[in-house]
Amino acid sequence: MKATMNADARPENRLVISIRIGLLTLLFGLFYAAPPSYAQVDSAVEETGEAVWEWDASDPRIGLRAGVHDAEYAATNVRHLANLPKPDGFTSEQATGGTVWNTDIAFVDDYVFVGNYRGFNVYDISDPTNPHLKVSVVCPGGQGDLSVYGYLLFMSVEETRGRLDCGIQGVQQEVSDERFRGVRIFDISDIETPRQVAAVQTCRGSHTHSLVPDPNDENILYVYVSGTGDVRPSEELEGCSALDPEEDQNTSYFRIEVIHVPLDAPHDAKIVGGPRVFEDRETGDIAGLWRGGDHGPRTQTTSATDQCHDITVYSEIGLAAGACSGNGIILDISDPVNPVRIEEVSDTNFAYWHSATFNNDGTTVLF
């Protein structure tokens, strides 16, 4: 849901955004969703603060055998069709100094592109009941989130082990011209031999990213970069600053980056802006949204809004929704280089805003 969304209708002059806050549970490999009666919380939780679970002895999940590739499972109303273990180069034994978690998945035609902290894998799913591995690309650096646009694949890189040459040896020095943190761009016109054609460095790396087509030029694509890592030294990348806004108005916190990608020359991709979408629009205070801390008695301590975890783009109506630390925000992206925040919301029940999804007609956002 990070990339461009399309709809048949194109609402015009939208001035009012209805924001509904909800909680999405993402199910990775979970086949069985138990009814509430299967696990009950004792009323003592209100008095003691401790939950006492009373399990139904007939719950089919009880006693399931664990295992890496042969774990037992319980399922209802769904059928398990296939399971492909991670290929060579993506197992824990082969990933010294880093994880091999899978991350975002992109679907294009008969292929699925699976991001991973160690690179990415492409699977042929022309027969959904019998997927098979097409190609693996080992290129460590995490987060490994992927998006695909035409013949280009975009990959987020945040960890300090990332290298320009995709090497697996990492980078040991605190400052190095071999380190890469930002967005990689691969040419996948030949699906069996992906080729890195650009690597755009950013100050905080890229935890996630979102693609924004230029509404006036079909040859131009923009990438909104959400970096959540520590700021790298300015000796490694000029212009980076880890200082607070009070000390440096050019701080690398409290902003996103915008990358300009000419589709006929992706090797010329470059950063063209770092919009301060969190600043107070009246005072110009860079850290204008949620400052961190608790929301009142019996609430959680939440993160200051100096970053977005994920930005969902709905290009057809010129809007984006950012799940950003302590806030959910709405952006006007009719001018993609200069996104403007038009609404924000916070909630005492949320410690961290992770994802956002529009409904089809763009009138509601679920954070």
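Analyst: In this predicted model, four strands form an open sheet with antiparallel pairing, in the order β12-β13-β14-β15. Strands here are DSSP runs (E, at least two residues) numbered from the N terminus, and two strands pair if DSSP finds at least two bridges between them. From one strand to the next, the twist averages 35 degrees, where axes are lines fitted to C-alpha atoms and angles run from 0 to 180 degrees between N-to-C directions.

As to its pairing, strand β14 (residues 257-262) runs antiparallel to β15, with three bridges between them. Val258 has Gly273 of β15 as its bridge partner.

The loop between β13 (220-226) and β14 contains Phe254. Although Phe254 is not a glycine, its phi is positive, at about 60 degrees. Phe254 has a relative accessible area of 11% and is therefore buried; buried means under 20%, exposed over 50%, and partly exposed in between, with a 1.4 Å probe and protein chains only.

A further open sheet of four strands has the order β8-β9-β10-β11, again with antiparallel pairing. Its edge strands, β8 (143-149) and β11 (195-201), each pair on one side only. The twist in this sheet averages 20 degrees from one strand to the next. Strand β10 (residues 182-187) pairs with β11 in the antiparallel sense over six bridges, and Arg184 has Ala199 as its bridge partner in β11.

Gln143 belongs to strand β8. The peptide bond between Gly142 and Gln143 is cis, with omega about -5 degrees.

Another positive phi occurs at Asn77, where the value is near 65 degrees. Asn77 is situated in the loop between β3 (53-55) and β4 (102-108). With a relative accessibility of 79%, Asn77 counts as exposed.

Residues are numbered from 1 along each chain as its sequence is written, and side-chain values use heavy atoms, with hydrogens and water left out. Because the model is predicted, local features need pLDDT of at least 70 and side-chain atom pairs count only at pLDDT 80 or more, while totals for chains, interfaces and linings use all residues.
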